[in-house]
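Q: Please walk me through how to read the features of this model, one kind at a time.

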Amino acid sequence: MSNVIVGIDLGTTNSEIAVVRNGRIEVIEIENGVPILPSVVGLGEDNTLLVGAAARNQYVLHPERTIRSVKRRMGEATRLTLGDKQYSPSEISAMILLRLKKIAEAHLGAPVHRAVITVPAYFSDAQRQATREAGEIAGLEVVRILNEPTAAALAYGAQRGASGQAKARKALVYDLGGGTFDVSIVNMEGDVVEVLASHGNNALGGDDFDRRIIDFALDHLRTVHGIDAETAAASPTAMARLQRAAEAAKIALSDRPYATLAEEFLFEKNGAPVHLSLEISRHEYEEMIEPYITETMDAVHVALTGAHLAVADIDEVLLVGGATRTPMVSRLLEALTGIQPHGEIDPDLCVAMGAAIQGETIAGGATPTVLIDVTPYTFGTSSLAILDGREYPYCFVPLIRKNTPIPASRSEVFYTVFDNQDVVEVMVYQGEAPDALDNIEIGRFKVEGLRKVPAGNPIVLDFSIDINGILQVRASEKKSGLEYAITIDNAISRFEEGKLDEARGRIRSMFGEDSVSDEAAGTAQAGSQAEVSPLGHRRTVVEALALIEKAERLLKTAGADDREDLIDSMEAVRDAMAPAATGDDTVLQQAMGTLADVLYYLDN
Ligand code: AMP
């Protein structure tokens, strides 16, 4: 075991160490079950050396005794002060490496002498040399300095190996960490991974997102509680709490449409305590970070140009770095490339895993496979939105995308469409098609008794899938907390073994596409084509919505008796609309006929 070559991701914010044992990759736990070591070095009260979380926690109170982000200084001929001594950046990095080495030795029960250490693709020779030197100071022979995007590609390559799809591909590796961003284009051919071009900004990352949330909170504290910026800055402890709360809110907003910053006794004003309680919506948050994300998308173009490639040449998009969990990142990357980005390997750990794979290859072992439990299907709901340029009530809204590691949970906010709408029907689908009716309906339920308020009442929908593939869908009215839920057992295996294709085939056959299986032919014959086809139904619903829209316009000027008739017939159309998703439209068409008659009468 002492022949082992560990893989180390020596990051700006965090570092990780991984190893391959018995053909399996292990990312080694640092403390409390967490495999991440903050890249922070400090001196404690009694001059003891602190590396990791303890050093990070004391930074706010003792910045003079704490060093963060030493990676940014690597290769510089500078000295960094720690207490009353001075150190080179390589020496400080060596303290982090030594801590990792010791943890690995304790974990493996054997000494560790050799390591692969990763660096950003843009690192110069001097920066690489300084990294190698840091390893040597820590007592490690650095057998390879590996580019981070290459490491990520190796980890994903090992995962593909597991599903047997290894072939030459070009990947875009998008790496957004706490304080740095870079994007690389890599060519993967067999075992060889080559970085073709890289671009980035080593002063951009998730920390900037935190800062925008802090500014948002400070604005609120100023306008509502009269706490000015000076008062705030004069209390480092309060600012540290605010920073932690902002980061927690940011992380929550990756899975949920709202987050609350709640800190009691944060400041004091005229002898009275000031509490912070502030809700932030994902929408507001995304507006704040939009300029940063746009900058990263521009960098993608620069990297592509550098590699003499076009967006269409990219086969896959790999996500690296904790901040890529921000949904806006994958959303915009997907819009740009047309490819759903891979995030199934933990973006914080995938570089260390790739380094360990490289280490194992150098040590003469076989490439291990990375096995991850992911959901093979996308789960979502339907909502009124624009499809093919028209308002359409069954637009598919994915909540848990396929290839998401399980367990997983995601929530989104939806809004009621009509004034006084006291019920919503939640549809649950499995599939990928933008038109929800082309996907497989796996459940539905009603949320009744909503408050009678104008349209736009927020309803939060929460999807969570556990390791056994049990999907729970919960809907709650945000303002009242009224809640309904369903559990769908075995959501993942439900359509395995070709059943999904069968179901799709059935739907397609209704459109007159493809050959029809016996079963599908039976379904199609069950009613006339126009009545049962989702396409026919869709047209009817679009017409129904147009009628309702017209009715709402006329409602404003109609007399009392006519209003009553109008409201009754509008309600009848609405009632008939939702449950008719795949069935017979006769009732809906009758209701529409009645409403059309009332409208005709009012119009003339
Ligand atoms: P890294 O440097 O790769 O460890 O990334 C750290 C950054 O990722 C920090 O800014 C974290 O706050 C951020 N981060 C971690 N988890 C999430 C999450 N779920 N959503 C958004 N940002 C996250």
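Q: In which helix is Thr 231 found?
A: Helices (H or I, at least four residues) and strands (E, at least two) are DSSP runs, numbered from the N terminus. Thr 231 belongs to helix α6, residues 229-233. This is a predicted model, where local features need pLDDT of at least 70, side-chain atom pairs count only at pLDDT 80 or more, and totals for chains, interfaces and linings use all residues. Residues are numbered from 1 along each chain as its sequence is written, and side-chain values use heavy atoms, with hydrogens and water left out.

Q: Is Thr 231 buried, partly exposed or exposed?
A: Buried means under 20% relative accessible area, exposed over 50%, and partly exposed in between (1.4 Å probe, protein chains only). Thr 231 is partly exposed because its relative accessible area is 33%.

Q: Which side chain makes a polar contact with the side chain of Thr 231?
A: A polar contact is a pair of N or O atoms within 3.5 Å; within protein, one must be able to donate a hydrogen and the other to accept it, and residues adjacent in sequence count only if both atoms are side-chain atoms. For Thr 231 the partner is the side chain of Asp 228, at 2.5 Å. Thr 231 and Lys 269 are 38 residues apart along the chain, with 9.2 Å between their C-alpha atoms.

Q: Which residues are closest to the ligand?
A: A residue is near a molecule or strand if one of its heavy atoms lies within 4 Å of it. Here 16 residues surround the ligand, and the closest are Asn 14, Gly 178, Glu 247, Lys 250 and Ser 254.

Q: Which elements supply at least two residues each to the shell around the ligand?
A: They are α5 (206-225) and α7 (236-253). Helix α7 gives the most, with 3 residues.

Q: How do the residues of the shell divide into nonpolar, polar and charged?
A: Ala, Val, Leu, Ile, Met, Phe, Trp, Tyr, Cys and Pro count as nonpolar, Asp, Glu, Lys and Arg as charged, and the others, Gly among them, as polar. The shell has 2 nonpolar, 9 polar and 5 charged residues.

Q: How far from an oxygen atom of the ligand is the polar side-chain atom of Glu 247?
A: The distance is 2.5 Å for Glu 247, and a polar side-chain atom of Lys 250 lies 2.6 Å from an oxygen atom of the ligand. Gly 322 takes part through a backbone N or O atom, 3.0 Å from a ligand oxygen. The ligand has 500 Å² of accessible area on its own, and the protein covers 86% of that; such areas come from the Shrake-Rupley method with a 1.4 Å probe, and for residues only the protein chains shown count as cover.

Q: How many aromatic pairs are there?
A: Rings of Phe, Tyr and Trp (its six-membered ring) pair if their centres lie within 6.5 Å; planes under 30 degrees apart count as stacked, over 60 as edge-to-face and the rest as tilted. The count comes to 5 aromatic pairs. One of them joins Tyr 122 and Phe 123, edge-to-face, at 6.0 Å centre to centre and 75° between the planes. Tyr 122 is partly exposed because its relative accessibility is 34%, whereas Phe 123, at 8%, is buried. Tyr 392 and Tyr 394 also form an edge-to-face pair, with 6.0 Å between centres and 70° between planes. Both of these tyrosines, Tyr 392 and Tyr 394, are buried.

Q: Which ring lies under the charged end of Arg 68?
A: A charge sits over a ring if NZ of Lys or CZ of Arg is within 6 Å of the ring centre and within 35 degrees of the ring normal. The charged end of Arg 68 sits over Tyr 59, 4.0 Å from the ring centre. Arg 574 lies over the face of Phe 418, at 3.6 Å from the ring centre.

Q: What is the peptide bond from Ile 406 to Pro 407, cis or trans?
A: Most residues other than glycine have a negative phi, and most peptide bonds are trans. The bond from Ile 406 to Pro 407 is cis, with omega near 0°. Pro 407 is in the loop between β19 (390-400) and β20.

Q: What is the phi of Asn 32, positive or negative?
A: Asn 32 has a positive phi of about 50°, although it is not a glycine. Asn 32 lies in the loop between β3 (24-27) and β4 (37-38), and Asn 32 is exposed, with a relative accessible area of 74%. Phe 265 has a positive phi too, near 50°. Phe 265 is in strand β15, residues 258-269.
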